[in-house]
Structure formats: C-alpha cells, structure tokens
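My entries follow in the order in which I checked things.

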Amino acid sequence: MSKALMNVPVVDSLTPAAIQTMCRMKSSDDDLFFVPTVQVYRIKRNICDGGENWSIALSDGQYFVYGLCDDALINLIHNHDIAQNAIVRVYKFQVTIRNYRGRDMKVVRLIDADKAAPNPGYPIGTPINIQGDRNETDPSPAVDLSVAVAAGENDGPNAVASREAFFSTSKMKGRWQHDYRDFHHRRDMVKTLIKMLSTDAPQETLDTIPTRAKQIELVLYQQAPTFDDYIDMTTLKDRIKRLQECNEAGETGIIRKRGEVHRGL
C-alpha cells in the first residue's frame, strides 16, 4: 500500500454513492473503471458443513448492503485486513438476488478486495439499509441474510441495471486530479492497460488482467505530477516498468499482491 494512500483522511476515503452504484450493477464486469472504496460495516463468521464462510455488510457512509465474502478472501479476514470497520477497495464483485422471508433482496458477493486505508475503529456516518426500513441503521439479526446467502438458496436473476461510476478522488483535493473531468480519460487508460497486459499473456492469467489494469491505473493517476504526464502514451511503458521496479524493491505492495506486471511491456 502506498504511503500517500495510507495518509488519506478516513472520512474522505469512501467512494460517494458506492453502494447505490453496486446495487445497480450485475457485477464489476459491467464497468471495469468502477473500483469503489467502502467500509466493512458488519462482518460475521458462519459455520457450515463445508467449513466456514463470512457474511458482510458494506457501507459507503450513507447506505449499507448485505453480502458474502468469497473463499479467496478468507486469508485477508484472518489477517484482519477485512474486519469490522475496515476500509477496503473492491476490485471484483457480483450482485445476486436472494429470497429472504418471502422478499427478494440484492446481495453483494465480494470476490476480490484489499485494504485501502487504516481501520478507523468506528463506523463512518450513519448508514441505513439500502433495501430496508429507512430507520434501520443497524444490521440486526432480525434482518441478517447470512443464512440465506451462505446456503445459496432461491437464486433469482441478477440485477438488470447498471450505471457508470467514478473513483473517489476527494483525497486529491488541491492537486490537478478532478473526479468528473478525468472520468473518460481514466476509463480509456484502463482499456489501454488491459490491451497491453493481454499481449502475449499466458492464458491462465487473462482473468486477472482487468483487476491488475485497474490497480496500475490508480497508481499512475495518483503519482502523475500533471494531467499531461498522466495521459502521455509515449512514457506509459516506462512508467509501468518503474512501478514494477518499485514493487520488486518493496516500495509498494499494490501490484505484487496480485501478480507482477506483465514482463512483455
């Protein structure tokens, strides 16, 4: 994790309208540019026949939504990177509909995520259940979907709507980065990186490329001194190589954590 990111004030670290946006999508594949930062509002361990699973509630400070952690994230939970009140960046997720007590409710399966900022030790804001009573501010057992989610019962169709969203760059205030102005340029950069990483990449690594591209783009965006430097395609390969060198030297764990940058760049 980069030092610049870890110094971001916690109150500014959550992506605005992240939960609303996630609930309007089928999955993170709907928009490769959308990488929300959210808070773990609640997390609960469930014991089942096949072992353990973890139900979760994710919050953007305004709303929370119920979900389930993928088995691939268990190590992050045991390491306390994903824990009560933790701030996490979501790279990959799916939205399904579960029937709970006769009511269809959207549930987010958290597939790929990591620590985005220090754990503040307290919930940010007073979020309400995006699918429940407007006065419900605590995911109490009476509305806990963990059993239905863990059992995988009554799967309905995925949510059918999605919308474009943007990275929260409130932590960039006072610098050149700008949420709306840069949106399309950042989307194009992610697409460019995906093409670059896909060139001559081993078949077994292709499904990880969108996540890696988004991680690399985020670092490029944060570290570029000016907008012109960020969009300069003539220096892109050199900048990526420098990121790889810094990663190998232990200066950042963002790329190494999920696989090295493709060496064919």
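**Cores**

I looked up the largest nonpolar core and found 29 residues in it, with Leu58 and Ile82 having the most contacts inside it. A nonpolar core is here a set of buried Ala, Val, Leu, Ile, Met, Phe, Trp, Tyr and Cys residues joined through side-chain atoms within 4.5 Å, where buried means under 20% relative accessible area, exposed over 50% and partly exposed in between, with a 1.4 Å probe and protein chains only. Two or more residues each come from helix 2 (18-23), strand 1 (37-48), strand 2 (51-59), strand 3 (63-69), helix 3 (74-78), strand 4 (87-100) and strand 5 (103-117); helices (H or I, at least four residues) and strands (E, at least two) are DSSP runs, numbered from the N terminus.

I note that this is a predicted model, in which local features need pLDDT of at least 70 and side-chain atom pairs count only at pLDDT 80 or more, while totals for chains, interfaces and linings use all residues. Residues are numbered from 1 along each chain as its sequence is written, and side-chain values use heavy atoms, with hydrogens and water left out.

For Ile82, leaving aside neighbours within four places in sequence, I listed contacts (heavy atoms within 4.5 Å) with Val40, Ile43, Ile56, Leu73, Leu76, Ile77 and Val88. I then found a second, separate core of 21 residues, which includes Met196, Ile209, Ile216 and Leu243.

**Rings**

I counted seven aromatic pairs, taking rings of Phe, Tyr and Trp (its six-membered ring) as paired if their centres lie within 6.5 Å, with planes under 30 degrees apart called stacked, over 60 edge-to-face and the rest tilted. Phe64 and Tyr66 make an edge-to-face pair, at 5.7 Å centre to centre and 85° between the planes, and both residues are buried.

Trp176 and Phe227 are also edge-to-face, at 6.0 Å and 65°. Trp176 lies in the loop between helix 4 (146-151) and helix 5 (183-198) and Phe227 in helix 7 (residues 227-231), so this pair ties together parts that are 51 residues apart in sequence. Trp176 counts as buried because its relative accessibility is 15%, whereas Phe227, at 22%, counts as partly exposed. Ring pairs link Trp176, Tyr221, Phe227 and Tyr230 into a cluster.

**Met189**

I placed Met189 in helix 5, where Met189 counts as buried at 3% relative accessibility. Leaving aside neighbours within four places in sequence, Met189 is in contact with Glu217, Tyr230, Ile231, Met233 and Leu236.
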